[in-house]
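Let's walk through a protein model together. Have a look at the chain first, and then we'll pick out a few helices.

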Amino acid sequence: MDAPPPTKPPRGVKYGKDESAGCGFLVNVIKSLGFSETTEERQKEKLKIEQEFKRSDLRLNELVSRHDQQLTLVLPLFSQVSSEVTASRERIHAVKENLGACKRLLQCRRDELKKMWTDAVQHKYVLEMLEQIQELRKVPQQVVSYTTKRQYLHASKALTDALATLNGPLQAVEGLSDLRTDLQTRRQQLYQRLHEELVTQVYTNSANEALFSFQRSNSSRLNSSFTRGIGARRSTDRIEANARVRKALAEMAQNFDLDKAEVIEDADLIYPELSMSYFVAIIVESFGMLHKVPDSLETLRVQIQTELLNVVRHTTHQLSQSGITAASGSGGEQNPLLTLLEIIFKQFKAIAKTHSLLLKNYLSVGQKYSVVGPQPYDLTDFWAQAQSVLQLLLTDYLDIQNAAADESAQAGFSEPTSNINSYFLRRKVPSTKRSMFKFDKSSHVGSSGNSDSFKEHRRNASDASGDDTLGAQLGGSGKGSTGGLFPHEKKQREKLLICTPDQNIITKVYLPLMGYIKEIESFMKCKPGQPCSLHDFVDNYIKDTFLCKGHNRNLQLTIESLSKNQDAWRTIISPEEIKALNLNRPLLQSTVMVERRLNETKSLIQDLPCYSEDLLKMVCALLKAYREICQGAYRGIVQPDSEDKRIYSVAWLKDEDISRFLKTLPNWTDLKTSSQKARHNRKLWRGSFEPSEEESPMQVQQRNVREAEMLTSNLGEGGITQQEILVEISVLKELAILQESMEWFSCRVSEFANDLRRPMVNGLNAVSAECSADIAVKDGTIKVMTNLALEFDELANTCLLVLHLEVRVQCFHYLRSKSSVRTNSYVGSKDDILEPDRQVQLLTKRLSEMDEAFSATLHPRKTRYIFEGLAHLASRILIQASNYLENIDQITVQRMCRNSIALQQTLSNITASREVALDQAKHFYELLCMEPDEILNALLERGTQFSEMQLLNALQLSCKSFGITDANLLASYQQKLSDILGTKPSKGVVV
């Protein structure tokens, strides 16, 4: 036993094919026997196999003998192991039989145990259900209590948990169906209550806070109805309450535990902004708990327009009941609509700010509760609806609904034939008894608490949003016209107007409105060239309605009336209008009317700067038409009958040499210079009409003589008939009024054009960049206006020069008529020997009448220009009359002297200065009473005042009157005269 145990031989040893023993060897033997062809080969193989078998047998015997001892030890060990294995198998079989018996015993008790366990679980579940049902019965009362205390989160959580329990573990309990229905109803009611509270916070509270802020900034117009009903509280309580609100907001942002959250009960102590943020956050969180986030978002989006309309209505009602409207209207400081628009836009901005806070809460709640549904709207949607509300508001106040009725009323415009004033009368506002809005679904509601100036109308909001082109511009889905939480219930919008609707009110609100539009476009991030819908609405209204059917139509009616009424240049303005215009001379009524249109356009350019170019185009058309009318009026005055009739003064003025000569004289340049100074100073003083200081009396006399010589030489030897002068004083008066009107109107047009060059300041800082680019008036338009002003001024100059020449032409007519100068008709009867000549009397009367007419119609400076220098011309004409006398006597000399004195007195009364030029005519005819020698001696003593031809004519007449006929003696007198004129310097001015 001490010997080591036998080792186990290796197992699984496989012999290869090349080995001499094993299967491989056997296979090779079989193959060799199979392939051997002869018996000998088989025998060889057999011998070989036998040898190998012997060798193997020997080796086996050797191995057995070598390991005999080991085999002897292994066999007992194997027997022992085998017996132990047999015993273990028997014990395992016994255990298996025992386990089978236990299994059979347990199987017998299983059903009883299962029944007992099932009963225990069921009893436990029933107890839990009873506890849940008991808690569910308390939920309605808890919801009412929480809602009353405005603890919306607790109410929402209680309802949500209760419904989750009823729809979850207790879903199959039929007895709870009534409770389930009640809680669902309370859930919907809570949702409606939360929505109403949210609308109050977002719209009412935001709008009231903006209104209160406006009232604080305008404390002088505060009304008791706007005072806040918050009592005075201690500052420490307020600070603590606001600190609790800030803590609650921070906890809500961090997924707070509702059971541990602090309840804010005293909301009056909270700052408005914090209170709004707190309640908005709570309400949106409640929506998330109630799974109403998509529904609330859609309801809010749909109701934006309706709620904004309610804000507008409420604000209008507040303003109409306060003293703000009265102060704005009576004091004239600001239009009530401007105040309303200012407040409404501030309210809209406050509401938009609250909407921004609201949307942030919706985004956080949507992520927290994994809300799947429509995406929240953005502020662009809000401002689109706000624009629609502003469009409705402007539609009411701009009276767009009655535009068609007003246009039809203007279509019945009747044309008068006698007075042009009726064309320019402003249309009366329709009577208040007439219905202002004529469409099917509207009704008038009288306001018992307001004055007659505030009119209330009710109109279906859906109809209002769809009227005309407005419905296409609302920018929404059209659902905003329905109110409340039920879209199928349509509410009517109450139209409480704070002032009377008027299309012209756009001029007062345009600039502030454009400032609001600019802010809206910045809020909506509109791209350049893509204005918002409100901008398009205002632009289309101004172009298509206000300008096209309003101002431009009035200008067209003005043009048509002026072109059709040929007597427009005869009607003058009343004395009251003269005083109102700060004038001292009458003007044509048509001129004043056109100037009023000009002022209206100027005011419109200041009020509507973006449309200045359109306005100026119509003004230029009006001015061009009026220019043609005035030129036609001038032609009608100076050439009324036919083109063949010749008015001498007009013919002279058409002569370029005469016209240029008159305009180069100092009196003309001095007249124009003084007129320009008067325009610049805007004062017309009667006493500042003297010529320029640079022109001495001698120069004035020389200038008048030059003019008299030019006109006399141009007329030649012929006379002027009555058909060649303007006989009627009324015609001259009309021409004078036309001149004064044209000069005044030219000044107004020139001022208008100059004002266009200056920057316009009327609140233009509020205008958008696109609009401000159009404010600058084009240089071409200003140049057209300036040229038109020059044309009117040129027509005024033409009228004044015609009057200037007409007075002189009439002097020629009366003093050089053929009946007076061709015969000795100056020798009259004894009855009229002491009176001037009849033609001179007619002339003096004519001059007095013209002076009276010109004094009443022309500026004294112009009247002085017309009559200044006329004495030199009359003196020259009287002296030249001696050329037509065949002989001279004392009576003729006296008559000519009286003619000269009569003209001198008349002209002196007119010019308010002694006309010494007519003394020369008197002195000339006094020479004719002297003998030739006395004439020559007088020339030597006093010098010459006359030309050589005039003195030769005087010598000849003197010789004839004294009977001197000797040719030699006449030649000697002429020689002496030549010697005197050659050696003796002239004294005075030669006429």
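How many helices and strands are there in the chain? There are 34 helices and three strands, where helices (H or I, at least four residues) and strands (E, at least two) are DSSP runs numbered from the N terminus.

Keep in mind that this is a predicted model, in which local features need pLDDT of at least 70 and side-chain atom pairs count only at pLDDT 80 or more, while totals for chains, interfaces and linings use all residues. Residues are numbered from 1 along each chain as its sequence is written, and side-chain values use heavy atoms, with hydrogens and water left out.

Now the chain as a whole. Of its 991 residues, 45% are buried, meaning under 20% relative accessible area with a 1.4 Å probe and protein chains only (exposed is over 50%, partly exposed in between). Among contacts (heavy atoms within 4.5 Å) with a separation of 6 or more, 81% join residues 24 or more positions apart.

Next up is helix α25, residues 779-815. Its 37 residues reach 53 Å from the first C-alpha to the last, close to the 54 Å expected at 1.5 Å a residue; the expected span is 1.5 Å times one less than the number of residues. Helix α25 is mostly covered, with 28 of its 37 residues buried.

Here are two helix pairs side by side. Axes are lines fitted to C-alpha atoms, for helices over the stretch in contact, and angles run from 0 to 180 degrees between N-to-C directions.

| Helix pair | Axes come within | Crossing angle |
|---|---|---|
| α14 (residues 506-524) and α17 (residues 589-607) | 9 Å | roughly 25° |
| α27 (residues 838-857) and α30 | 10 Å | roughly 5° |

Angles under 35 degrees count as roughly parallel, over 145 as roughly antiparallel, 65 to 115 as roughly perpendicular and the rest as oblique. With its crossing angle, α27 is therefore roughly parallel to α30. On the α27 side, the contact is made by residues including V840, L843 and L847, and on the α30 side by residues including A902, L903 and I910. By class, this contact of α27 with α30 has seven nonpolar, four polar and one charged residues (Ala, Val, Leu, Ile, Met, Phe, Trp, Tyr, Cys and Pro count as nonpolar, Asp, Glu, Lys and Arg as charged, and the others, Gly among them, as polar).

Let's zoom in on one residue. S900 sits in helix α30, residues 890-911. Why does S900 count as buried? Because its relative accessibility is 1%. Leaving aside residues up to four places away in sequence, S900 touches L878, L918, A921 and K922.
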